[in-house]
Amino acid sequence: MTWQHLKWTTLLLAGLLVGCGQAPRAYLDDSDRRAAAQKNATDSAASQATTSSSGGGFLARFRSRCSVKDGYEVQPGDTLSEVAVTCNVPFSDLVAWNGLNEPYLIFPGQRLRLAADASTPTASSSGHSTSVQTAQASRLNWLWPTPRYDNYRWQKDSVGREGLIIRLAPGLDVIAVEAGEVMFAGESISQFGQMVMIRHANGFMTIYAHNRHLLVSEGQQVIRGQKIAESGQSGTAAHPQLYFEIRKDNQKVNVSDFLRPTSGR
């Protein structure tokens, strides 16, 4: 190869490198390489700092909802275990301070205590004696939660408090047992599927679970006997059924103390 050919070949390679956005190696001396390496290190450190700060801010935003004085207001989709982690409190203490039992049902808008105090109910006490519950039940005249059904049974939890399981065909009316405000309508706990929670007067709340279709929304006022859902088999239900529960001041109480079954069918 002649000197002329070598010259043109070198210029051609240099042009290709520049065209690809790269500088020919001849133009990168040691000082340039050191400067480039320092810039890359600086950019990497800045990126890590931003990520760390962002992550800390994200966690801080959630923990800012936790207050020993004011408690924690449950958000849609929250589970009790997530609240325990978010607020950095032991799960067992959170259960005890709020008087909760399996399956540890919580609902949006509910305020959980994050510390023990003299007024905090415990899991070993419902906060209402049987005589008080009986007296309250005698003043209520609630409806059965569905006018048509096949059969029913009382289902006790681990501490002996009763919920109600009603077997019925899918698509039947599920009604509000009394007037109130819808506190939740959706799927917050996978076990219960499509669920409605209604807040009534005097600290009562009713829960209707395993529906296939909901007909009300959060914040809606409902009247006694209003159709709020269609029965179904959502959640972990093995058959079409309605799970019904009553709570008084956030504490589960025996449904049989407050409701009497209708003839059904």
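Predicted model: local features only at pLDDT ≥ 70, side-chain atom pairs only at ≥ 80, totals over all residues.
Let's start with the largest cavity, which is lined by G99, L100, N101, E102, P103, D157, E245, R247, N250, Q251 and K252. Residues are numbered from 1 along each chain as its sequence is written, and side-chain values use heavy atoms, with hydrogens and water left out.

The volume of the largest cavity is about 60 Å³, a volume being the space filled by probe spheres set on points joined across faces, edges and corners. β12 and β13 (251-253) each give at least two residues to this lining; strands are DSSP E runs of at least two residues and helices H or I runs of at least four, numbered from the N terminus. Sorted by class, the lining holds two nonpolar, four polar and five charged residues. Charged means Asp, Glu, Lys and Arg; nonpolar means Ala, Val, Leu, Ile, Met, Phe, Trp, Tyr, Cys and Pro; the others, Gly among them, are polar.

Now the largest pocket, a pocket being an open set with protein on both sides within 12 Å along at least five of seven lines. Its space comes to about 210 Å³. Of its 17 lining residues, P103, Q155, Q191, F192 and Y243 lie nearest the centre. β3 (151-156), β4 (162-167) and β12 (241-248) are the elements giving two or more residues to that lining. The classes here are six nonpolar, seven polar and four charged.

On to an open sheet: three strands in the order β5-β11-β9, with antiparallel pairing. Pairing asks for at least two DSSP bridges between two strands. β5 (173-175) and β9 (213-214) are at the edges with a single partner strand each, so one side of each has no neighbour in the sheet. Between β5 and β11 (residues 227-230) there are three bridges, and V174 sits opposite A229 in β11.

Last stop, helix α3 (residues 80-87), where L80, V83, A84, T86 and C87 are buried, meaning under 20% relative accessible area with a 1.4 Å probe, protein chains only. Down the axis of α3, these buried residues fall within an arc of 170 degrees, so they line one face of the helix. That arc is taken from the directions from helix axis to C-beta atoms. Just after α3, N88 has a positive phi of about 60 degrees.

Terms used. 1 Å grid on protein atoms, 1.4 Å probe; cavity = no way out; pocket = protein on both sides within 12 Å on 5 of 7 lines; lining within 4 Å. Buried < 20%, exposed > 50% of the residue type's maximum accessible area, 1.4 Å probe, protein only.
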